[in-house]
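Student: I would like to learn how to read helices and pockets from coordinates. Can we work through a case?

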Amino acid sequence: MSTIIILGYGKMGRAVERVCQSRGLEDYQTLDSFEELQALDIPEDSVVIEFTCAPDCLKNYKFLIEKNIPVVTGTTG
């Protein structure tokens, strides 16, 4: 099973976490910063759901693309 990494633990990140919990998913992790992302040993079968703010998202994308990690992104407001 893939690991879901929720990057950005604001309103939407918490909503995604609630969906994971409601579906009985246990293999997920929440992060709230680029520094936490960099420090994480990301499993090969991971996907990142990215809900950070605009100034941070580009460095997140670059880092994840270099690691060949799929990323799903969303934005609000």
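Predicted model: local features only at pLDDT ≥ 70, side-chain atom pairs only at ≥ 80, totals over all residues.

Student: What span should helix α1 have, and what are its end C-alpha atoms apart?
Tutor: Helices (H or I, at least four residues) and strands (E, at least two) are DSSP runs, numbered from the N terminus. The expected span is 1.5 Å times one less than the number of residues. Helix α1, residues 11–22, has 12 residues and should span 16 Å; its end C-alpha atoms are 17 Å apart, which agrees.

Student: Which residues of α1 are buried?
Tutor: Buried means under 20% relative accessible area, exposed over 50%, and partly exposed in between (1.4 Å probe, protein chains only). In α1 the buried residues are Gly13, Val16, Glu17 and Cys20. Seen down the axis of α1, they fall within an arc of 100°, so they line one face of the helix. That arc is taken over the directions from the helix axis to the C-beta atoms. The face turned away carries the exposed residues Lys11 and Ser22.

Student: What do the buried residues of α1 pack against?
Tutor: They pack against β1 (4–7), β2 (28–31) and β3 (47–50), where contact means heavy atoms within 4.5 Å. After α1 comes glycine 24, with a positive phi near 75°.

Student: Which residues of α3 are buried?
Tutor: Cys57, Asn60, Phe63 and Leu64. They cover an arc of only 135° around the axis, which puts them on the same side of α3. Facing away are exposed residues, including Pro55, Leu58 and Lys62. The buried residues pack against β1, α2 (34–39), β3 and β4 (71–73). Just after α3, asparagine 68 has a positive phi of about 60°.

Student: What is the volume of the largest pocket?
Tutor: Rolling a probe the size of a water molecule over the atoms shows where empty space is left. Here the largest pocket has a volume of about 170 Å³. On a 1 Å grid over the protein atoms alone, a pocket is an open set of points where a 1.4 Å probe fits, with protein on both sides within 12 Å along at least five of seven lines; lining residues have an atom within 4 Å of a point. Points join across faces, edges and corners, and the volume is the space filled by probe spheres set on them.

Methods
Residues numbered from 1 in each chain as written. Heavy atoms only, no water.
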